[in-house]
Amino acid sequence: MHWSKTQSRARFNLATSGVAPFPLRELPVNLKGLEINGDNSYGYPPLQQAIAAHHGVDPECVVESAGTSMANHLAMAAIIEPGDEVVIEHPAYGPILDVAEYLQANVKRFRRAEEDDWAIDPVEVRRCITPKTRLVVMANLHNPTSVLTPGSVLREVGDIARSVGALVLVDEVYLDAVYEGTPRTSFHLGPEFVVTSSLTKVYGVSGLRCGWILAQPDLAWKMRRLNDLYSATPVYPGEVLSVASFKHLNLLRERTRHIVEADRKLLRGFLKQESAVSAVETQWGTTSFVRLSRDCGRNADAFLERLLLEFETSAVPGRFFEMPDHFRIGMGIDTEMFAEGLNQISRALG
Ligand SMILES: Cc1ncc(COP(=O)(O)O)c(C=O)c1O
C-alpha cells in the first residue's frame with residue numbers, strides 16, 4: 001500500500017488496480033440539498049438498503065465500512081482471536097495477510113498454482129484445515145491474477161470450512177469486473193460465507209470509500225460495535241453520494257468497460273508476441289499477473305526499476321504477492337497510455 005501510494009506513479013502507469021475515476025459532473029445527482037450531518041450512527045439506512053438490494057440480501061446483513069480495506073480488517077477482527085488458525089490463499093493481496101498477522105492469527109497458506117491457471121484446489125484447502133481453523137480467506141476475482149473461482153468450488157471450500165466450524169471470507173471487490181453474467185455474491189452460498197466489497201475498483205468512485213461487509217446478523221452487529229473503535233461514524237456526504245452512485249451503478253460501470261476490454265485485447269496481442277513474458281489470460285478483471293521468463297533473470301524488481309528509470313513505465317512488483325519473478329499490470333484507465341506502456345515493456349525486454 002505504501003509503495004502504491006508513494007512510488008507507483010509514472011508517465012505510463014500500469015501499476016493500477018481499479019478503473020479510471022468517474023467524474024462527479026457525470027453523476028446525475030442534485031447536490032443543492034446536500035447536508036454535512038445526518039442520521040447514520042450505525043450506517044445510513046438508504047445506503048444499507050442500496051447495498052442490500054444490489055446483492056439481494058437483508059439490510060441486517062450489511063455493515064458499512066471505509067472501503068474494502070476496512071471491511072477486511074473489521075471482518076477479520078470480529079472473527080479471529082489471537083492464536084486462531086487462518087488459512088489464506090497464496091499468492092494473496094498483501095494487506096489481507098498483514099491484517100491476519102496484526103491480529104496475531106496463526107496464518108497457514110493454500111497454494112493457487114500457476115500451472116493450474118491459479119485455480120483454487122479444494123484438496124489444497126483441506127490439507128491446511130485443522131480443528132483450530134477459524135477462517136479461510138480468498139479473493140474472487142483473485143488479486144493479482146483476476147481468475148474467477150466458480151460457485152461449485154466456493155461451495156466445496158464452504159463445506160470444508162463448515163466441517164471444522166470455520167467461516168470463509170471472500171473479498172469480492174473485483175467481482176463486478178465480470179461484465180457479462182456477473183456472478184452473484186458468494187454470501188448466498190451458505191451461512192459460513194462472509195463477503196467484503198466496495199465501489200472502489202470497478203466503478204471509479206474510490207474517493208467515496210464506500211465499502212461493506214455481508215455477514216449473518218449477529219456477526220454483523222459485532223462488526224458494527226467493533227467499528228465504534230475504528231471509524232465510529234461514517235462520512236455522511238460520502239454516504240449520500242454513494243446512494244446516488246448505487247442509483248446509477250450501471251452508468252458508472254459501463255463508462256470504463258470499453259477501456260478495460262480494449263486494454264485486455266492489447267494485452268493478449270502483447271503476450272502472444274512477447275516470448276520473454278507469459279500470463280494466464282482471463283476474460284475479465286482489471287489486472288493481469290505477468291511472469292518473466294528465465295532468460296530475463298526472473299528478477300522483476302531489477303526489470304521494473306529499469307522500466308521506470310529508462311522507459312517511464314510502472315507496474316507492481318510481484319514481491320508484494322510473494323512472487324518476485326512476476327509483476328502485475330492494470331487495465332481500465334486509458335487505452336492509449338496502456339498501449340504505450342506495453343510498447344515500453346517490449347522495448348525494455350529488448
Ligand atoms: C483484493 C483487494 N481487496 C481490497 C482492496 C482495497 O480496496 P479499497 O480501496 O476498497 O479499500 C484492494 C485494493 O487493491 C484489493 O486488491
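Predicted model: local features only at pLDDT ≥ 70, side-chain atom pairs only at ≥ 80, totals over all residues.

Trainee: Which residue does Glu-124 form a salt bridge with?
Mentor: Arg-127, and their closest N and O atoms are 2.8 Å apart. Both sit in helix 5 (residues 122–128), and because they are 3 residues apart there, about one helical turn separates them.

Trainee: And is Glu-124 buried or exposed?
Mentor: Glu-124 is buried, since its relative accessible area is 18% and the cut-off for buried is under 20%. Arg-127 is exposed, at 54%.

Trainee: What about Glu-192, which side chain does that one meet in a salt bridge?
Mentor: Arg-162, at 3.2 Å from N to O. That pair links distant parts of the chain, 30 residues apart. Glu-192 is in the loop between strand 6 (167–171) and strand 7 (193–198), while Arg-162 belongs to helix 6 (residues 151–162).

Trainee: How accessible are those two, buried or exposed?
Mentor: Glu-192 counts as buried at 4% relative accessibility, whereas Arg-162 is partly exposed at 47%.

Trainee: And what does Arg-225 pair with?
Mentor: Arg-225 forms a salt bridge with Asp-228, with 3.3 Å between the closest N and O atoms. Arg-225 is exposed, with a relative accessible area of 53%, and Asp-228 is partly exposed at 31%.

Trainee: Which residues do shared partners join into one network?
Mentor: Glu-180, Glu-254, Arg-257 and Glu-261 are joined that way by salt bridges.

Trainee: Switching to rings. How many aromatic pairs does a search of the whole structure find?
Mentor: It finds 7 aromatic pairs. One of them is Trp-118 with Phe-289: the ring centres are 5.8 Å apart and the planes are at 55 degrees, so the pair is tilted.

Trainee: Where in the chain are Trp-118 and Phe-289?
Mentor: In distant parts, 171 residues apart. Trp-118 is in the loop between strand 4 (106–111) and helix 5, and Phe-289 is in strand 10 (residues 287–292). Trp-118 is buried, with a relative accessible area of 1%, and Phe-289 is buried with 1% as well.

Trainee: Which cluster do the ring pairs make there?
Mentor: They link Trp-118, Phe-289 and Phe-321.

Methods. Residues numbered from 1 in each chain as written. Heavy atoms only, no water. Salt bridge = Lys/Arg side-chain N within 4 Å of Asp/Glu carboxyl O. Helix = DSSP H or I, 4+ residues; strand = E, 2+ residues; numbered from the N terminus. Buried < 20%, exposed > 50% of the residue type's maximum accessible area, 1.4 Å probe, protein only. Phe/Tyr/Trp six-rings, centres within 6.5 Å; stacked < 30°, edge-to-face > 60°.
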